[in-house]
Amino acid sequence: MVDPDLILALDNGTQSVRALLFDAQGVLVAKAKLELEAYVSRAPGWAEQEADYFWEKLGKVCQQLWATSGVDASRVVAVSLTTQRGTVINLDAGGKALRPAILWLDQRRAETTAPIPQPWKSVFWLARQQDKVDFFRSKAQANWIAQREPEIYERTHKVVLLSGFLTHRLTGCYRDSVGAIVGYLPFDYRKQQWASRHHWAWACSGVKPGQLPELVKPGERLGTITVAASAVTGIPAGIPLIAAASDKACEVLGSGGLKPYVGCLSFGTTATINTNSYRYVEPLRFIPPYAAAVPDAYNTEVMIYRGFWMVSWFKHQFGLRESLRAKELGITAEELFDELVNKVPAGSMGLMLQPYWSPGLNDRDMKGAVIGFGDLHTRAHIYRAILEGLAYGLREGKEQIERRSGRKITRLSVSGGGSQSDAAMQITADIFGLPVERPHTYETSGLGAAIDAAVGIGMHPSFPAAVAAMTRTGKVFTPDPEVHRLYEQLYQRVYRQMYRRLKPLYQEIRAITGYPE
């Protein structure tokens with residue numbers, strides 16, 4: 001029997017926007033997808049996009065869904081929204097964007113010459129955290145706008161993330177989900193609410209009181225679809241929009257990762273490993289866990305900033321042959337890259353890669369490295385070394401979370417675009433030495449958002465019940481013991497030593513060239 005009630009999950013990522021229809025069992029009934037121009041760059045290091053571009057594409061992908069799926073929109077009983085994290089939009093009093101959105105990929109920096117107010121200046125000095133606070137101040141978009149575009153700063157009525165912007169367009173309400181708040185904003189990650197009036201983040205973020213949207217917990221109602229939004233999207237007016245969370249948080253939920261012993265890996269533009277817990281566990285001292293897609297829970301996360309973006313980088317730099325062949329076959333170039341991996345033995349014949357293609361929050365000297373080149377190495381070896389390097393980096397993140405939480409991760413689930421590569425999944429299993437699960441659907445971020453909506457409208461009585469009903473394991477990749485022994489030696493004796501030994505050279509590079517800033 002066909003379940004008539006469906007949930008519409010809207011997933012606005014960095015490279016695409018998707019409209020997904022799920023039933024109460026987590027079955028993906030229909031899907032539409034549009035590629036996005038991720039960003040435009042008006043100056044080196046900038047990453048921006050017109051806010052209305054996101055709204056226009058969201059409307060088009062919804063209309064595409066109704067046109068191609070044959071599903072009657074009247075079957076939709078709830079809508080949920082998940083988006084890329086950390087993309088900031090300044091709105092005027094009429095709700096219109098004052099300037100292009102500043103994306104999470106943006107590398108511009110504000111000046112940090114203004115003194116930090118007391119008593120926080122002394123607190124940070126005693127805790128030896130001045131560098132982290134200055135990094136926060138330099139990355140806060142509001143600070144840069146105040147310094148470089150003061151007229152925009154003065155006209156700003158609301159500062160919202162992309163999730164808050166789309167929520168306003170869909171419902172007319174200035175609201176957002178607690179689970180969507182990731183960025184350089186005055187947010188108290190421990191209490192999962194906007195920071196108290198005297199919190200240091202207000203002075204350091206540049207955001208003014210009253211400029212931020214109201215927050216609700218995942219599973220609660222953000223509002224209802226307006227008549228105006230219905231005209232753009234085709235979603236029936238009056239349908240509730242239920243709060244979900246950011247794309248990474250929704251991936252954790254959509255992978256079934258409710259327990260802290262489950263490590264949820266995301267093979268996306270940014271590669272991450274997350275655990276879900278009701279304990280506040282910082283992955284590094286003074287680096288907070290983010291709000292989860294489950295109310296009052298936390299995701300302890302370690303990220304590789306330029307994660308499976310490196311696969312796109314490889315495709316553009318070295319993958320012309322596969323790109324042309326894929327076009328002829330009507331498939332993606334990435335599907336052909338597995339053939340490259342399978343031509344190369346584990347360990348890439350001594351080629352080792354450290355995937356720090358962007359500097360990190362805790363170490364601005366961080367740079368990537370590939371060592372061990374010989375005349376036998378080809379682009380196939382480079383590609384396999386990329387996959388191995390990412391898996392080594394995520395394993396390091398797993399061990400970091402285990403040390404901080406005091407709890408072993410014994411189960412791994414992998415989602416995101418890179419999880420569709422059997423080669424990447426097998427390499428991950430072999431490097432971690434653990435079975436690696438691929439969820440039953442590739443659309444785990446959308447499914448996580450749908451789970452939030454399902455609980456929010458009472459389709460399922462609780463999050464554990466919803467996860468049990470709507471998530472399940474697809475294919476499992478088990479480690480090869482012999483290959484794992486090889487990777488274990490390379491990880492312990494080479495990979496873990498690389499950065500410590502190369503860092504002095506990175507510091508010299510930075511001193512000479514000024515890069516990274």
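This is a predicted model: local features need pLDDT of at least 70, side-chain atom pairs count only at pLDDT 80 or more; totals for chains, interfaces and linings use all residues.

Which strands sit at the edges?

Strand β15 covers residues 262-267, and strand β21 covers residues 411-415. The two run parallel, joined by 5 bridges. Leu265 stands opposite Val414 in β21.

Ser415 in β21 is the bridge partner of Ser266. On to β22: β21 and β22 also pair in the parallel sense, over 2 bridges. There, Ser413 has Glu437 in β22 as its bridge partner. How much of β21 is covered? Most of the strand: 4 of its 5 residues are buried.

Next, the cores. The largest nonpolar core has 55 residues. Which members touch the most others? Leu265, Leu387, Tyr392 and Leu394. Helix α13, residues 379-405, supplies the largest share of this core, with 11 residues. Stay with Leu265 for a moment. Setting aside neighbours within four places in sequence, its contacts include Leu394, Leu412, Val414, Thr428 and Phe432. There is also a second, separate core, of 45 residues. Among its members are Val17, Ala32, Leu34 and Ile235.

On to the other sheet. This one is open too, with 6 strands in the order β3-β2-β1-β5-β14-β13 and mixed pairing. At the edges are β3, residues 28-35, and β13, residues 221-224. From one strand to the next, the twist averages 20 degrees. Strand β1, residues 6-12, pairs with strand β5, residues 76-83, in the parallel sense, over 7 bridges. Ala9 stands opposite Ser80 in β5. Helix α15 packs on this sheet and touches β1, β2, β5 and β14. Its direction makes about 135 degrees with that of β1.

A few words on α15 itself. The helix runs over residues 444-456 and has 13 residues. From first C-alpha to last, α15 reaches 18 Å, close to the 18 Å expected at 1.5 Å a residue. Is α15 mostly covered or mostly open? Mostly covered: 12 of its 13 residues are buried. Those buried include Thr444, Leu447, Ile451, Asp452 and Val455. Just after the helix, Gly458 takes a positive phi of about 85 degrees.

Last, the cysteines. How many disulfides does the model have? The count comes to 0. Take Cys250: the nearest cysteine sulfur, that of Cys264, is 12 Å away. Cys250 is buried, at a relative accessible area of 0%. Cys264 is in no disulfide either. Cys264 is buried as well, at 4%.

That's the tour. Questions, please.

Notes:
Residues are numbered from 1 along each chain as its sequence is written. Side-chain values use heavy atoms; hydrogens and water are left out. Two strands pair if DSSP finds at least two bridges between them. A disulfide is a pair of cysteine sulfur atoms within 2.5 Å. Buried means under 20% relative accessible area, exposed over 50%, partly exposed in between (1.4 Å probe, protein chains only). A nonpolar core is a set of buried Ala, Val, Leu, Ile, Met, Phe, Trp, Tyr and Cys residues joined through side-chain atoms within 4.5 Å. Contact means heavy atoms within 4.5 Å. The expected span of a helix is 1.5 Å times one less than its number of residues. Axes are lines fitted to C-alpha atoms, for helices over the stretch in contact, and angles run from 0 to 180 degrees between N-to-C directions.
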